Amino acid sequence: MYIKYIKSEPPSDGFGNSNANDGRLLSSSPGAGTGGTATGNNKPAPGPPEEQQTLLAVLQFLKKSKLAESAEILRREAGLPEDALDPKGTDASGSGPGLAAGSGQVDGVDASSLLSRVTVSSSAAAQAPKKDSSLAACFYSLSASPDQPDVSVVLSAYSQQGDPSLYDAYYSGLKRFIESVLDCHRAELSQLFYPLFVHMYLELVYNNNESVAKAFFEKFSGDQECYYEQDLRILSSLTKKEHMKGNETLLDFRTSKFVLRISRDSYQLLKRHLQERQNNQIWNIIQEHLYIDIFDGMPRSKSQIDAMSGSLAGEARREANKAKVFYGLLKEPEIELPLDDEDEEAENEEGKPKKKKPKKDSMGSKSKKQDPNAPLQTRIPLPELKDSDKLDKIMYMKESTKRIRLGSDNLPSICFYTFLNAYQGLTAVDVTDDSSLIAGGFADSTVRVWSVTPKKLRKVKSAADLNLIDKESDDVLERIMDEKTASELKILYGHSGPVYGISFSPDRNYLLSSSEDGTIRLWSLQTFTCLVGYKGHNYPVWDTQFSPYGYYFVSGGHDRVARLWATDHYQPLRIFAGHLADITCTRFHPNSNYVATGSSDRTIRLWDVLNGNCVRIFTGHKGPIHALAFSPNGKFLASGATDGRVLLWDIGHGLMVGELKGHTDTIYSLRFSRDGEILASGSMDNTVRLWDAMKAFDDLETDDFTAATGHIHLQDNSQELLLGTYMTKSTPVLHLHFTRRNLLLAAGAYNP
C-alpha cells in the first residue's frame with residue numbers, strides 16, 4: 001500500500017467529492033477503489049519492512065499529535081492490525097507490529113529516527129526520496145501557520161512523483177479517453193484538461209525538467225479554452241524553478257482548489273478509467289488540487305458549462321450560493337408633504353392628486369409594507385435622517401411623479417457629456433443622484449467637479465465672516481456661501497497618483513476619490529478641501545462607492561481585498577478577503593446590507609456587511625469585471641466585463657439568469673432605469689446599448705431554479721432584448737446615470 005497524502009481534515013473520497021467533506025484525511029492510489037477501500041475483499045498487504053516501519057512511526061506521530069481518528073483510518077487503509085496503535089499490545093522484545101512500550105524500537109529501528117525522517121523541513125523534503133518527501137511536506141503543513149501559506153511549503157507539494165518523460169503519455173491518454181466517451185460526458189470531463197495541464201506543467205518546472213516542460217506546454221497549450229489565454233501567457237513565462245517563488249498566479253493555483261461541477265455518471269466514468277489504468281499521476285493531482293462538486297441528474301451540455309466557466313479557480317461550489325440573502329428593500333420613512341405643496345395640488349383639478357398618490361406608492365423603494373425578503377431595519381446601524389435629507393426626499397417624491405414610464409415602446413432620451421481635450425486622462429466619472437453635479441477623476445492626480453445646472457459652485461465663507469451672519473434668518477444656508485468664490489468648476493488637489501474611482505455622497509455634501517497612491521480621500525463640497533485620507537490599502541485602489549444611505553463606503557484594489565469604511569472611522573470596519581486577483585469594481589446593494597465586488601479573477605462576490613461573510617460567488621465571465629449594477633428592487637444584479645458580455649444574476653437563488661451579447665469591447669458602465677424596466681450599458685466600443693430588462697426577468701421560468709442541479713438553460717435572445725444601439729463619434733462610454741425623471745446621462749472623454 002503506497003500512502004500519498006495525509007491531512008488533518010475530515011475524510012473524502014479523494015476527489016473532494018461534495019457528498020463527503022472537502023478535506024482529505026487520507027487518499028489512496030486508484031487501486032484502493034471507491035471511498036479509499038481496497039477493490040475486492042482482501043486488505044492490501046503491508047509493503048516492505050522499511051515502509052511498514054515508516055507507517056508505524058507515522059501512526060505514533062498522529063497519535064501523539066492527538067489525531068487519533070486520522071491514525072485509525074490510516075491503520076485500516078494500511079491493513080495493519082488493531083493493536084498497531086497500542087504500544088502495550090506488543091511484546092517486550094518489540095517484535096510485534098506496534099512500538100514496544102519501553103523500547104522505542106520498531107523491528108530494531110529507533111522510533112525517533114523514523115519520526116525525524118517524516119518531519120524533516122520542506123527544503124530537505126525536496127531532495128529526499130520521493131516517498132519520504134511527500135510525507136515530509138504533508139507533516140510540515142500540519143505544523144505550519146494556516147494564516148500565512150509558506151511559499152516553500154506550497155511549492156514542496158510539487159516534489160517529483162512520476163517519470164517526467166511519461167507526463168506527455170499520461171495527459172495524451174486521458175485526452176484520448178475523454179474524446180472517446182459519449183458526447184454527454186465529454187463536455188463535462190473536458191473541464192479537467194486545463195487544471196491538469198497547469199499542474200503537470202508546474203510540476204515539471206519545479207523538478208527542473210525545463211526542456212520536457214517546454215515541450216509539454218507547446219504540445220498541449222493550444223488545446224485549452226480561449227478564455228484561459230491570458231493565464232497561459234503568464235504561465236509560459238514560468239520556465240525555471242526560481243521563477244515560481246513569489247509568483248502570484250502560481251500561489252493562486254496552489255492555494256485555491258480548482259472547482260469542477262460534474263454529474264455522478266461522468267465522475268464514475270472518470271474514476272473507473274483511472275483505476276483501470278493505474279494512472280497515479282493524474283489521480284494525485286485531482287486529489288490535491290481539484291474539488292469535484294458532484295450532482296445527481298443529467299450531465300450538463302457544452303453550452304451550460306461554457307456559460308459558467310472561465311474564472312481563475314473554476315466554478316463556484318454550490319454550497320457557496322446557498323446562504324440566505326435579504327435582497328428586499330428597507331421600508332422608507334414616512335414623510336408628509338408640506339402644506340404649501342398640498343395647497344398647490346388643491347389649485348389643480350381634483351383628479352390629479354389622486355392620480356399622483358398611487359404613483360408614489362407603486363414605486364418599489366416607497367413601499368409602505370415591509371418586504372418579506374428585506375432585512376430588519378436595525379440589522380445594520382444606518383444614519384438618521386437630517387432635516388436636509390427629508391427635504392431632499394420630498395423633492396425626490398415630487399420629481400418621481402413626473403417620471404417617464406420607460407419600456408420597449410418608450411425609450412429614454414440620452415444626454416452625453418463629452419470631455420474634450422482631456423489630456424489629463426479621464427479615468428473615472430460620477431454624477432450626483434439629483435444630477436446637479438458631475439465629477440471626473442484624472443490621471444494627473446486631480447479631481448474636477450462641475451455644476452451642470454445654472455447654479456454655480458460656491459465655498460462656505462471664512463470663520464470671521466460667518467460670525468457676522470444672523471443665524472436665525474430663514475435663508476441662513478444661502479448667506480453662509482461666499483459669492484466671490486462662485487464658478488462652474490472646482491479642482492481638488494491632494495492625490496499623488498491617477499484617480500481611478502470617485503463617488504458622491506447621497507446628500508451631495510461629500511465626494512470620495514480613490515487613487516493609485518493607495519489612499520481614499522473624503523472631500524467636502526462645502527469648502528472643496530480634503531477632510532480625511534483613509535489609509536488601509538497598500539496598493540492602487542481601483543474603485544470606491546458610497547452606501548445609498550451615506551456614512552458607509554466600500555473600496556477595492558490591487559491588494560485583492562475590499563474594505564468597508566465609515567466616514568468617521570479612520571480604520572476599516574470590515575475586510576472582505578477571498579478574491580484571487582485585483583478587485584476592479586465595487587457596488588452597494590440598494591438596502592446597504594450587502595456589497596458586490598467584481599474582480600480580475602473573473603468572479604463576482606456578494607459580501608454581507610453585517611458579518612463580512614461571502615454569501616454569493618458568481619462565475620461565467622471570461623475576462624476581468626469592470627461594471628456592476630443592482631436592479632432597483634434589489635433582486636437582480638447585472639455585470640459587465642472585458643469579454644463584452646452583460647450577465648444577469650438572480651441574487652436570491654444565486655444563479656445566472658441571462659446573457660446579453662452585442663458589445664465588442666470592455667463594458668465600463670451599467671445602470672438600470674429608476675423603475676428597473678431598462679438596462680443601459682456603456683462600453684469602450686463607443687456605444688450605449690439599451691436592453692429590455694423587464695422582459696429578460698419576466699421570461700424566467702422559476703421552476704428551473706428548484707431543479708436539483710441548479711442549472712438553467714440560458715436563451716440566446718440578446719437580439720430580442722436589445723432595444724437600441726447609440727454610437728458616439730469616438731468617445732468610449734465611462735459612466736451612465738438615470739436622472740430622477742428617467743433621462744439617461746452618459747459621459748466619456750473624446751478620443752481623437
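**Entry 1: helix α11**

I started with helix α11, residues 229-236, in this predicted model. I listed its buried residues: Asp 231, Leu 232 and Leu 235. Next I looked down the axis of α11. The buried residues fall within an arc of 95°, so they line one face of the helix. I noted the general rule here: an α-helix has 3.6 residues a turn, so residues three or four places apart point the same way. Then I asked what the buried residues of α11 pack against. I found α9 (193-206) and α10 (210-220).

**Entry 2: the nonpolar cores**

I followed Leu 235 into the largest nonpolar core, which has 42 residues. Leu 235 is among those with the most contacts inside this core, along with Leu 192, Phe 197 and Ile 286. Which elements each supply at least two residues? I wrote down α7 (167-180), α9, α10, α11, β5 (258-263), α14 (264-277), α15 (280-289) and β6 (290-295). The largest share comes from α9, with 11 residues.

I then took Leu 192 by itself. Setting aside neighbours within four places in sequence, I found Leu 192 in contact with Ile 178, Leu 260, Leu 270, Ile 286 and Leu 290. I also logged a second, separate core of 21 residues. Tyr 594, Val 615, Ile 651 and Leu 714 are included in that second core.

**Entry 3: Ile 617**

I moved to strand β25, residues 614-619, where Ile 617 sits. Is Ile 617 buried or exposed? Its relative accessibility is 15%, and the cut-off for buried is under 20%, so I count Ile 617 as buried. I checked what Ile 617 touches, not counting residues up to four places away in sequence. My list reads Ala 316, Ala 320, Asn 321, Thr 603, Ile 604 and Arg 605. I looked again at Ala 316. Ala 316 and Ile 617 are 301 residues apart along the chain, yet 5.9 Å separates their C-alpha atoms.

**Entry 4: a four-stranded sheet**

Last, I traced an open sheet of four strands, in the order β8-β9-β10-β13. The pairing is antiparallel. Why is one side of β8 and of β13 left without a neighbour in the sheet? β8 (426-431) and β13 (489-492) stand at the edges, and each has a single partner strand, so one side of each has no neighbour there. I noted an average twist of 20° from one strand to the next.

I then picked out the pairing of β8 with β9, residues 437-442. These two strands pair in the antiparallel sense over five bridges. I looked up the bridge partner of Asp 430 in β9 and found Ala 439.

Key: Residues are numbered from 1 along each chain as its sequence is written. This is a predicted model: local features need pLDDT of at least 70, side-chain atom pairs count only at pLDDT 80 or more; totals for chains, interfaces and linings use all residues. Side-chain values use heavy atoms; hydrogens and water are left out. Two strands pair if DSSP finds at least two bridges between them. Axes are lines fitted to C-alpha atoms, for helices over the stretch in contact, and angles run from 0 to 180 degrees between N-to-C directions. Buried means under 20% relative accessible area, exposed over 50%, partly exposed in between (1.4 Å probe, protein chains only). The arc is that of the directions from the helix axis to the C-beta atoms. Contact means heavy atoms within 4.5 Å. A nonpolar core is a set of buried Ala, Val, Leu, Ile, Met, Phe, Trp, Tyr and Cys residues joined through side-chain atoms within 4.5 Å.
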